[in-house]
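Dear colleague,

Please find the structure below, together with a short account of what was found in it. I would be grateful if you could read the account alongside the model.

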Amino acid sequence: MPAAAIPTPWVDGHDAINPRAFKQAMRAVAGSVAILASEHDEIGFCGITATALCSFSAEPPSLLACVNRSSTFASAIREGLPFSVNLPAGDQENVVRAFGGMTKAKGAARFSSGSWVRGETGAPLLVGARAMFECRVAEIIVRASHMIVIGIVSASRWTALTDRRSSTHMDGS
């Protein structure tokens, strides 16, 4: 029996696939949407939606998020400012749409969607979100159009649904 050819895992060059086709296919990947938010001295409140988000380590508690380098939010991250990661509840689609650029709201005006409070670090937190994390920038890795941001979690809040009743839990330093 002849040996099967093993495909090469990496293709040299960036023109192997049309970027638009890649983006269209990636939209089919199921994942949660998060709103990342911070406050910059010169820009004011800034935030984005992100789908590239995952836990990174439990010791120390940290997460990883991918942020477009050209966003105003990226300016806050580059300066090492505290930021929040907010997982919106099902009834907060209007907030997701505002931060995702699907409304006319731009910049700090996006924060008129939903209710926001300052967390322990000063970062904006979305009231009523399923989970909220307050983070400090631990490391930034720049690749292509994005920054891979590793954030150390200093506080978290989440809502647990038990028997159709919800309760809020807090964990912080």
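Helices (H or I, at least four residues) and strands (E, at least two) are DSSP runs, numbered from the N terminus. This is a predicted model, in which local features need pLDDT of at least 70 and side-chain atom pairs count only at pLDDT 80 or more, whereas totals for chains, interfaces and linings use all residues. Residues are numbered from 1 along each chain as its sequence is written, and side-chain values use heavy atoms, with hydrogens and water left out.

The protein chain contains three helices and 10 strands. Read from the N terminus, their order is α-β-β-β-β-α-β-α-β-β-β-β-β.

Of the 173 residues in the protein chain, 35% are buried (under 20% relative accessible area; exposed is over 50%, partly exposed in between; 1.4 Å probe, protein chains only). Among contacts (heavy atoms within 4.5 Å) with a separation of 6 or more, 57% join residues 24 or more positions apart. The accessible surface of the protein chain is about 11,100 Å², and carbon and sulfur atoms contribute 56% of that surface; such areas come from the Shrake-Rupley method with a 1.4 Å probe, and for residues only the protein chains shown count as cover.

Two loops deserve mention. Between strand S3 (53-58) and strand S4 (61-68) lies the loop that holds Pro60; the peptide bond from Glu59 to Pro60 is cis, with omega near -5°. The loop between strand S8 (131-143) and strand S9 (146-162) contains Ala144. Although Ala144 is not a glycine, its phi is positive, at about 50°. Ala144 counts as exposed, at 69% relative accessibility.

Yours sincerely
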